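Hi,

Here is the structure I said I would pass on.

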Amino acid sequence: MDLNNLLDKTIDTSDINSLNNVAKSIAQYIQPGDIFFLNGNLGAGKTTFVRLILNHLGWHNEVKSPTFSIIQLYPDVTPPILHADLYRVNNATNLDIEEYFDTYVSFIEWPDVLQGVNSSRVFNCLLNVEENNRSITIRKIT
Ligand SMILES: Nc1ncnc2c1ncn2[C@@H]1O[C@H](COP(=O)(O)OP(=O)(O)OP(=O)(O)O)[C@@H](O)[C@H]1O
Ligand SMILES: [Mg+2]
């Protein structure tokens, strides 16, 4: 499914296969410079979503949560992927994350600490979990 057809809808992802289908669409349509903010509670599935996207790009090695590394780069997939988790970051000014934004597709968990991100394609993904029900809503914000 075209990425545009996924926008502004709340998709039920209680079955992980549904999340995998969304991940497949994302993997097909991303291009360098795209930035995805991943919002949602602890355990909502943000890291899982990035892992599924990377799988569709042909990456079948480990995808660790960047909770401690803050930024994980996957330069050898096409397009190259940046995966960040800013949960423990209080001040993003010395992170030097922006230097990757033009050439990578960036997936950023807990992005609120970032200010004034400059890209023509920024998406907000809201992952929601309540009891056994999960969903994802993707909106284009720039
Ligand atoms: N349908 C589903 N969608 C997403 N995750 C699922 C689903 N079913 C089960 N899970 C499991 O829920 C957990 C989600 O954890 P994950 O680390 O992806 O969340 P997170 O949003 O990145 O959390 P954190 O904010 O702590 O980084 C994983 O163990 C995953 O396997
Ligand atoms: Mg995570």
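Asp-96 sits in the loop between β4 and β5, and its phi is positive, about 55°, although it is not a glycine.

Some housekeeping before the rest. This is a predicted model, in which local features need pLDDT of at least 70 and side-chain atom pairs count only at pLDDT 80 or more, while totals for chains, interfaces and linings use all residues. Residues are numbered from 1 along each chain as its sequence is written, and chains are lettered from A and ligands numbered from 1 in the order in which they are written. Helices (H or I, at least four residues) and strands (E, at least two) are DSSP runs, numbered from the N terminus.

The sheet

Seven strands make an open sheet with mixed pairing, in the order β1-β7-β6-β2-β5-β4-β3. Pairing here takes at least two DSSP bridges between two strands. At the edges are β1 (10-12) and β3 (71-74), each of which pairs on one side only. From one strand to the next, the twist averages 20°. Angles run from 0 to 180 degrees between N-to-C directions, and axes are lines fitted to C-alpha atoms, for helices over the stretch in contact.

β6 (residues 122-130) and β7 (residues 133-140) run antiparallel and are joined by eight bridges. Within that pair, Phe-123 has Lys-140 in β7 as its bridge partner.

β4 is worth a look. Five of its five residues are buried, and both faces are covered: Ile-81, His-83 and Asp-85 are buried on one side, Leu-82 and Ala-84 on the other. As a reminder, side chains in a regular strand alternate between the two faces of the sheet. Ile-81 takes part on both sides, standing opposite Tyr-74 and opposite Val-105 in β5.

β3 and β4 form a hairpin with six residues between them. Pro-79 is in that loop, and a cis peptide bond joins it to Thr-78, with omega about -5°.

Contact means that the C-beta atoms of two residues, placed from the backbone, lie within 7 Å. The buried residues of α3 are Lys-46, Phe-49, Val-50, Leu-52, Ile-53 and Leu-54. They pack against α2 as well as β2, β3, β4, β5 and β6. Just after the helix, Gly-58 takes a positive phi of about 95°.

What surrounds ligand 1? The shell has 16 residues, and the closest are Ile-16, Gly-45, Lys-46, Thr-47 and Thr-48. A residue is near a molecule if its C-beta atom, placed from the backbone, lies within 6 Å of it. The elements that give two or more residues to this shell are α2 (16-29) and α3 (46-56), and α3 has the largest share, three residues. By class, the shell holds four nonpolar, eight polar and four charged residues. In that scheme, Ala, Val, Leu, Ile, Met, Phe, Trp, Tyr, Cys and Pro are nonpolar, Asp, Glu, Lys and Arg charged, and the others, Gly among them, polar.

Two more spots

Tyr-29 is in helix α2 and counts as partly exposed, because it has 13 C-beta neighbours inside 10 Å. Leaving aside neighbours within four places in sequence, Tyr-29 is in contact with Asp-2 and Leu-3. Tyr-29 and Met-1 are 28 residues apart in sequence and 9.4 Å apart in space, C-alpha to C-alpha.

Finally, Asp-8 lies in the loop between α1 (3-6) and β1. Asp-8 is not a glycine, yet its phi is positive, about 65°. With 10 C-beta neighbours inside 10 Å, Asp-8 counts as exposed.

Cheers

Notes:
A residue is buried if 20 or more other C-beta atoms lie within 10 Å of its own, exposed if 12 or fewer, and partly exposed in between; C-beta atoms are placed from the backbone.
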